[in-house]
Amino acid sequence: MAPPTRIGLAGLAVMGQNLALNIAEKGFPISVYNRTTSKVDETVERAKREGDLPLYGFHDPESFVNSIQKPRVIIMLVKAGAPVDDTIKTLSVYMEKGDCIIDGGNEWYENTERREKEMNAKGLLYLGMGVSGGEEGARHGPSLMPGGSFDAYKNIEDILLKVAAQVPDSGPCVTYVGKGGSGNFVKMVHNGIEYGDMQLIAEAYDVLKSVGKLSNEELKEVFAEWNKGELLSFLIEITADIFGIKDDKDEGHLVDKVLDKTGMKGTGKWTVQQAADLSVAAPTIAASLDSRFLSGLKEERVEASKVFKAGGIDNIFVDQEVDKKKLIDDVRQALYASKICSYAQGMNLIRAKSVEKGWDLKLGELARIWKGGCIIRAIFLDRIKKAYDRNPNLANLLIDPEFSKEMIERQSAWRRVVCLAINSGISTPGMSTSLAYFDSYRRERLPANLVQAQRDYFGAHTYERIDISGAFHTEWFKLAKQSKI
């Protein structure tokens, strides 16, 4: 029979199994439970195989809860929504005052806040913890974003510090994010930034392949090379890997056989909805979401391509003569500059929410815990951290002295790539909208004066003036009518 274990984990799909094994491997005896008991046995088997790890399986919730030392800490890794409420119901019956439940799923932050209140009423502590890094990260070191009860965090801090990804110069990729649903919110925005990153990389691929005519071998080489410099990141690394994988069922490379239809689970959509609710411009993330929607219309796109080919619009780009070496370098710079815009938008969204909710989130610290373990881990997060260290109240990453210099250096290449894509009939919504974001943000005066004048004309919404303070309304209609007489 197992001794009292240090922690429990319920929900043994791949992420749950891997996190449980990671915890056990770091020297913390762990109890595991799953509603479908075959998963419990499978995890116990893996623990034996992967180094005789101190992991103990339980088939019923009561003996599972009772096997954990007090105050008990239980991590849940089950599907967001109703399954989380069901699991809490199942487990909390056997839990006592001071025990703690941690939800490690991609949960909507308000659900976490509701559950924290419900748990508090029962004397239980609650944390909503974002976990990023996929299956590999969960097993060997994820980025962890816990938010909610600080006491609950303190109960489990020793475990999280060891289980999280370790980055040599900046420590474990975990921090107490803040109160309420802040951990889930930060993980949601992380995923939104991830959508943007993936879209921008796909556009870089499209331009290099369709206009530059690069083969998969050349693409592999280019991305592997990029991964040695400023673009060094998990997503660039796996992109290089993907271009090297041959199809095991047929000739050629596997990437060319993958259907061009992107799935999604909802975190990107939530990010864009939150940005709209908070009036924060997040066009790069929104463009990546729209691109996923359009990718889903595969059958319609097949028909549309026939209609426009018949009408004489074929792939215009076939005839473009380009200097490959110069194109590769331009695309690298365009990708980097666009990425900065995507991260700037994500950070601004986190800040706006933090202000609204009084969470007091530390953007530099979030950049630090994203440096390892997670899907958006990248070398330039270190520089994002330093930007917020220099100025915690930085209005936008774009105006940090270092980043602004880089934007200025890269803007010509960025414009060349976007123009080339447009003239070649290739859509680069992420890069184009990032450039538009940059161009709008850096302009002292925008044509918004005309839009506000229109609003006042038809709806008497009033306007402010640049020379006199106060709100003004003009009878535009009358004046226009008189001038027409």
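**Exercise 1.** Classify the packing of helices H9 and H14 from the angle at which their axes cross.

*Solution.* The model is a predicted one. Step 1: the axes of H9 (216–226) and H14 (324–357) approach to within 12 Å and cross at roughly 50°. Step 2: angles from 65 to 115 degrees count as roughly perpendicular and angles under 35 degrees as roughly parallel, while those over 145 are roughly antiparallel and the rest oblique. Step 3: H9 and H14 are therefore oblique to each other. Step 4: their crossing is right-handed. Step 5: on the H9 side the contact is made by Glu218, Val222 and Trp226, and on the H14 side by Lys324, Ile328, Val331, Arg332 and Leu335. As background, an α-helix has 3.6 residues a turn, so residues three or four places apart point the same way.

**Exercise 2.** Carry out the corresponding analysis for H14 and H16.

*Solution.* Step 1: the axes of H14 and H16 lie 12 Å apart, and the two helices pack at an angle of about 50°. Step 2: this angle makes H14 oblique to H16. Step 3: the crossing of H14 and H16 is right-handed. Step 4: H14 contributes Tyr336, Tyr343, Met347 and Arg351, which meet Leu381, Arg383, Ile384 and Tyr388 of H16.

**Exercise 3.** Determine which parts of the chain are tied together by the pair of Tyr336 and Phe380.

*Solution.* Step 1: the structure contains 20 aromatic pairs. Step 2: one of them joins Tyr336 and Phe380, with 5.7 Å centre to centre and 55° between the planes, and is tilted. Step 3: Tyr336 belongs to helix H14, whereas Phe380 lies in the loop between H15 (363–369) and H16 (381–390), so the pair ties together parts that are 44 residues apart in sequence. Step 4: both Tyr336 and Phe380 are buried.

**Exercise 4.** Identify the buried residues of helix H10 and elements that cover them.

*Solution.* Step 1: within H10 (residues 234–244), the buried residues are Phe234, Leu235, Ile236, Thr239, Ala240 and Phe243. Step 2: their cover includes helices H8 (182–211), H9 and H14.

**Exercise 5.** Which rings have the charged end of Arg292 or Arg465 over them?

*Solution.* Step 1: the charged end of Arg292 sits over the ring of Tyr195, 3.6 Å from its centre. Step 2: Arg465 lies over the face of Phe472, at 5.8 Å from the ring centre.

How values were computed. Residues are numbered from 1 along each chain as its sequence is written. This is a predicted model: local features need pLDDT of at least 70, side-chain atom pairs count only at pLDDT 80 or more; totals for chains, interfaces and linings use all residues. Side-chain values use heavy atoms; hydrogens and water are left out. Buried means under 20% relative accessible area, exposed over 50%, partly exposed in between (1.4 Å probe, protein chains only). Helices (H or I, at least four residues) and strands (E, at least two) are DSSP runs, numbered from the N terminus. Contact means heavy atoms within 4.5 Å. Rings of Phe, Tyr and Trp (its six-membered ring) pair if their centres lie within 6.5 Å; planes under 30 degrees apart count as stacked, over 60 as edge-to-face and the rest as tilted. A charge sits over a ring if NZ of Lys or CZ of Arg is within 6 Å of the ring centre and within 35 degrees of the ring normal. Axes are lines fitted to C-alpha atoms, for helices over the stretch in contact, and angles run from 0 to 180 degrees between N-to-C directions. A crossing is left-handed if the near helix is turned anticlockwise from the far one by less than a right angle, and right-handed if clockwise.
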